[in-house]
Structures are given as C-alpha cells and as structure tokens.
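The note is meant to be read with the sequence and the model side by side.

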Amino acid sequence: MMSEPLLDHVPRFLNRTWTAIVSIALLSAIGTANAQAPGFEDLLAGKLSPKSTAKARFTATLIPSTAKPGDEVTLAVTANLPPKSYIYATTGDFEMRTRITTTATEGLEPIDADFQPNRAPEEKLDPILKLTLAKFHGDVTWTKRFRLDPTTSTEKVRVALELE
C-alpha cells in the first residue's frame with residue numbers, strides 16, 4: 001500500500017461512504033453518489049471532460065426473497081455507472097480501491113469470505129501513479145453468500161454494509 005497521500009488530481013469515485021441496510025422484508029436499498037469528481041474523465045483516457053451531473057446508482061439486494069431459515073441467500077451489491085465513469089475494483093494494493101464491508105448481520109452466517117464481482121475488472125498501468133489500477137466501467141455486481149440462521153425468523157434478518 002502507498003504510505004503517501006495520492007496526488008490531488010486523482011478523482012475519487014465517492015466522496016463519502018454509502019451505507020445500506022438490507023433485510024428479507026426490505027429486499028433492496030438504493031443510493032446514489034458521484035461516480036467520480038466532476039470535470040474528470042477516466043484517467044486511463046487521460047483527458048478532461050465537461051462537468052456532468054450524472055450519478056452512479058447503487059443497490060443492495062438479498063436474494064431469493066422466498067428463502068427460509070437454513071437456506072442459502074446471496075447479498076448482491078450493484079453499481080450502475082453513468083457513461084465514462086468507473087469504479088475501482090475491490091482487489092489490489094491501491095488505497096483508493098473499493099471496499100465493501102458487512103458491518104453488522106442478524107440471522108445470517110457468512111459462507112463466502114469476500115464479495116466477488118460478476119466479471120473481471122479492466123487493468124491498466126496508470127502512467128502518473130505508476131501503479132496498475134483495476135477498474136470497472138459500466139455496471140458491476142458483487143455478491144457474497146450467506147446462510148440464514150435456522151433458529152431466526154426471516155423477519156428479523158438484517159445486514160448493514162458499507163461501500164467506500
């Protein structure tokens with residue numbers, strides 16, 4: 001990991017943490033955030049673009065909705081990105097990588113250790129940072145499997161997560 005702060009010109013995909021609470025009763029949470037700092041196009045393209053008001057849209061869904069105690073469920077976190085926007089992958093040593101953390105769970109036992117993307121990110125060497133950056137353009141969904149606690153009613157199942 002880098003120990004020094006990043007250069008000022010590097011756009012952040014989010015300027016705040018997005019938090020969602022998901023339950024069986026409430027199957028999805030939706031949030032929006034700037035996909036990157038206004039006035040910047042993807043650094044991989046290397047040029048400035050006009051300011052855009054387009055927002056990224058994030059959803060978190062626990063599926064299937066018909067799950068019963070003891071069943072396996074999947075928590076899916078989806079980023080719907082505007083054109084020419086990106087989100088960093090959750091992998092690598094880059095300090096600005098995306099982090100998805102389950103901060104609290106009720107009635108769920110994790111099966112998977114980490115969230116996995118539905119496709120491989122684009123990896124390119126950034127000539128300014130001299131680092132290989134992994135990014136997603138367009139939509140991407142990360143998933144993590146859980147098992148519903150056999151002793152907890154589905155109405156009491158809760159997941160809190162942070163996407164930063």
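Predicted model: local features only at pLDDT ≥ 70, side-chain atom pairs only at ≥ 80, totals over all residues.

The points below cover strand pairing, the nonpolar cores, the aromatic residues and the backbone geometry of selected loops.

1. Pairing around strand 11. Strand 11 comprises residues 140-148 and pairs with strand 4 in the antiparallel sense over eight bridges. Within this pairing, Leu75 has Lys144 of strand 11 as its bridge partner. Strand 7 (residues 108-110) also runs antiparallel to strand 11, and three bridges join them; Glu109 stands opposite Arg147. Strand 8 (residues 116-117) contributes a further antiparallel pairing with strand 11, over two bridges, with Pro117 opposite Trp142.

2. An open, antiparallel sheet is formed by three strands in the order 5-10-9. Its edge strands are strand 5 and strand 9, each of which pairs on one side only. On average, and with direction ignored, neighbouring strands of this sheet are turned by 45 degrees against each other. Five bridges connect strand 9 and strand 10 in the antiparallel sense, and Glu122 has Lys135 of strand 10 as its bridge partner.

3. The nonpolar cores. Which residues touch the most other members of the largest nonpolar core? In this core of 25 residues, they are Val73, Leu75, Ala79, Ile87, Leu108 and Trp142. At least two residues of the core come from each of strand 3, strand 4, strand 10, strand 11 and strand 12 (158-163). Apart from this core lies another, of six residues, including Tyr88, Phe94, Leu129 and Leu133. In soluble globular proteins, nonpolar side chains tend to be buried together.

4. Surroundings of Ala79. When neighbours within four places in sequence are left aside, Ala79 is in contact with Arg57, Phe58, Ile87, Gly138, Asp139, Val140 and Trp142. Two of these, Ile87 and Trp142, are named with Ala79 among the core residues that touch the most other members.

5. Aromatic pairs. The structure holds three aromatic pairs. One of them joins Tyr86 and Tyr88 edge-to-face, at 5.3 Å centre to centre and with 70 degrees between the planes. Both Tyr86 and Tyr88 are buried. The pair of Phe136 and Trp142 is edge-to-face because the ring planes stand at 90 degrees, with the centres 5.6 Å apart. Phe136 counts as buried because its relative accessibility is 1%, and Trp142 counts as buried at 0%.

6. Tyr86 belongs to one aromatic cluster together with Tyr88 and Phe94.

7. The cis peptide bond. Ile63 and Pro64 are joined by a cis peptide bond, with omega of about 5 degrees. Pro64 is found in the loop between strand 3 (55-63) and strand 4 (72-80).

8. Positive phi at two lysines. Lys84 is not a glycine, yet it has a positive phi of about 65 degrees. Lys84 is found in the loop between strand 4 and strand 5 (86-88). Is Lys84 buried or exposed? Its relative accessibility is 58%, so Lys84 counts as exposed. Lys130, likewise not a glycine, has a positive phi of about 60 degrees. The loop between strand 9 (122-126) and strand 10 (131-137) holds Lys130, which is exposed with a relative accessible area of 66%.

Technical notes: Residues numbered from 1 in each chain as written. Heavy atoms only, no water. Helix = DSSP H or I, 4+ residues; strand = E, 2+ residues; numbered from the N terminus. Buried < 20%, exposed > 50% of the residue type's maximum accessible area, 1.4 Å probe, protein only. Pairing = 2+ DSSP bridges. Axes fitted to C-alpha atoms, helices over the stretch in contact; angles between N-to-C directions. Core = buried A, V, L, I, M, F, W, Y, C linked by side-chain atoms within 4.5 Å. Contact = heavy atoms within 4.5 Å. Phe/Tyr/Trp six-rings, centres within 6.5 Å; stacked < 30°, edge-to-face > 60°.
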